[in-house]
Amino acid sequence: MTNASHSISLSVSADPRLARLVRMTAANVAMLSSMSVDRVEDIRMAAEEAFIYACSVRPSRELPIRFDVDAQQVCMTFELGDFDFDDAGSASETASYADLILGAVCDSYEKRSAPSALSLTLKADV
């Protein structure tokens, strides 16, 4: 692959039943990078966990997801709008589990504020 970077946008309803769509999109985006099959599986898992987390804080609302990819990495951004990460609310169990998985699988995992977003980076291993 050349060093070209690509940006792909996906907007779906924050419905956990659509997790497969997000997971498969992430896997296809990862194929644009220099990732092994195992690393593509990591991308799939990270995308699903982040999506389920986003669904818990934005139920049934439109959820924009951006994938930025080049030969070295894939970055995913799940836009959460005006969500306050400090407000534990009903998503606390989901958030704790997602934090654990995303922190372990991703090279970089960040919760950004104003506007809120989950930002994930997974680097290629090949």
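Through how many residues does a hairpin join E2 to E3? The hairpin that joins E2 to E3 has three residues. Strands (E) are DSSP runs of at least two residues, numbered from the N terminus.

The model is predicted: local features need pLDDT of at least 70, side-chain atom pairs count only at pLDDT 80 or more, and totals for chains, interfaces and linings use all residues. Residues are numbered from 1 along each chain as its sequence is written, and side-chain values use heavy atoms, with hydrogens and water left out.

**Strand pairing**

Two strands pair if DSSP finds at least two bridges between them. E2 (residues 62-69) runs antiparallel to E1 (residues 6-13), with eight bridges joining the two. E2 and E3 (residues 73-81) are also antiparallel, joined by five bridges. Leucine 10 has isoleucine 65 in E2 as its bridge partner, and valine 69 stands opposite valine 74 in E3.

The side chains of E2 alternate. Leu63, Ile65, Phe67 and Val69 point to one face and are buried, where buried means under 20% relative accessible area, exposed over 50% and partly exposed in between (1.4 Å probe, protein chains only).

**Cysteines**

There are zero disulfides, a disulfide being a pair of cysteine sulfur atoms within 2.5 Å. The sulfur of cysteine 75 is too far from its closest cysteine sulfur, in cysteine 106, for a bond, because they are 10 Å apart.

| Residue | Relative accessibility | Class |
|---|---|---|
| Cysteine 75 | 19% | Buried |
| Cysteine 106 | 9% | Buried |

Definitions and conventions
Helix = DSSP H or I, 4+ residues; strand = E, 2+ residues; numbered from the N terminus.
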